Amino acid sequence: MALNLEQSTSLIVERARQLMNQLIEQRGHGRPPFLSKEYAPLLGIKRIEKADLGQVSAILIKLHDGDVIRVNQMHNLARQNFSCAHEIGHALLSELNLELCIEEAEFRTFNPQAEAMAGAKTRERLCDAAATELLMPEIVFKKYLSSLGACINSIESLANIFRVSISSTAIRIAELSAEPCIVLLWRQRPGTKSKVLRLAWRVGPGKKSKGKADYMPVHTLARHTSTLYKAYQYDNPVKCHKSFEIDGSVKRLPIESKGFGSGEMRYVISLAFPNR
Ligand SMILES: [Zn+2]
């Protein structure tokens with residue numbers, strides 16, 4: 001059986017939803033947070049152990065009497081929660097026998113090494129999709145998002161409610177917001193002291209799929225004189241406009257930005273609204 005990426009994604013997300021429903025039934029309520037340690041036993045994962053893993057976020061260890069997840073104790077709890085959910089994603093992947101289907105369908109090239117690498121990358125993306133649905137179930141997240149509103153100040157509240165990182169929350173907002181919304185992340189180039197922010201990544205609007213409008217900011221650098229840079233310097237959110245390229249033309253969109261983290265890890269998240 002050969003499946004493309006879209007089909008495999010919907011299969012694994014569907015399985016994640018079943019797991020969520022099972023958890024809700026078991027505990028008798030559907031209120032967030034949804035934690036990896038609550039899901040683990042449902043898949044026969046015996047325990048989650050904190051360990052010194054160096055650069056690795058988490059690993060799933062298969063033992064004959066059940067699996068164990070080992071998670072990097074140096075990471076913050078929100079990240080640990082996501083890393084463990086990602087490993088649960090790996091358990092779902094092998095349970096659904098998706099690993100082989102992916103390689104067969106997507107990566108028939110004449111370079112076995114490139115094939116293996118592309119397959120690995122796709123597997124990681126599928127596990128992230130499963131983790132996202134487990135920790136921020138679409139139906140529950142949408143409810144909280146619509147009551148808080150898609151705005152820059154909702155990110156931190158939602159991250160606290162769902163016990164996930166600021167950036168995972170922002171991406172989920174871009175995916176699920178009823179009003180189209182693009183999320184952008186800016187940071188200084190590592191190792192430089194230059195007072196310039198550069199665009200690290202952007203997501204949205206809507207779920208990643210073919211044929212969706214793709215907004216790209218015309219300027220992917222923000223200098224120290226810009227309003228955006230103020231979000232980096234101070235903790236208050238800022239509002240401004242930015243030009244985006246869309247289908248060959250340029251459109252000015254309102255954006256809201258806020259800085260998070262400190263020191264070298266400091267970054268700015270922006271939300272842009274194409275329909276405002
Ligand atoms: Zn992985």
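Guide: Let's start with S6 and S8, which pair in the antiparallel sense over two bridges. Two strands count as paired if DSSP finds at least two bridges between them. Strands (E, at least two residues) and helices (H or I, at least four) are DSSP runs, numbered from the N terminus. Across this pairing, proline 217 stands opposite phenylalanine 244 in S8.

Before we go on, remember that this is a predicted model: local features need pLDDT of at least 70, side-chain atom pairs count only at pLDDT 80 or more, and totals for chains, interfaces and linings use all residues. Residues are numbered from 1 along each chain as its sequence is written, and side-chain values use heavy atoms, leaving out hydrogens and water.

On we go to the next neighbour. Strand S8 (residues 238–246) is joined to strand S9 (residues 249–260) by nine bridges, and the two run antiparallel. S8 and S9 form a hairpin with two residues between them, and aspartate 247 in the turn has a positive phi of about 50 degrees.

S9 also has six antiparallel bridges to strand S10 (residues 267–272). Here isoleucine 255 has alanine 272 as its bridge partner. This hairpin has six residues between the strands, and glycine 261 takes a positive phi near 75 degrees.

Cysteine 240 is buried, with a relative accessible area of 17%; buried means under 20%, exposed over 50%, and partly exposed in between, using a 1.4 Å probe and protein chains only. Its sulfur is 14 Å from the closest cysteine sulfur, in cysteine 181, which is too far for a bond. Cysteine 151 is partly exposed at 24%, and its sulfur lies 9.8 Å from the closest one, again in cysteine 181, also too far for a bond. A disulfide is a pair of cysteine sulfur atoms within 2.5 Å, and a search of the whole structure finds zero of them.

Finally, a look at two helices. The axes of helix H6 (residues 138–148) and helix H8 (residues 166–176) come within 11 Å and cross at roughly 90 degrees. Axes are lines fitted to C-alpha atoms, for helices over the stretch in contact, and angles run from 0 to 180 degrees between N-to-C directions. H6 contributes Glu138, Phe141, Lys142 and Leu145 to the contact, while H8 contributes Thr169, Arg172, Ile173 and Leu176; contact means heavy atoms within 4.5 Å. Nine of the 11 residues of H8 are buried, so this helix is largely enclosed by the rest of the structure. Among those buried residues are Ile166, Ala170 and Glu175.
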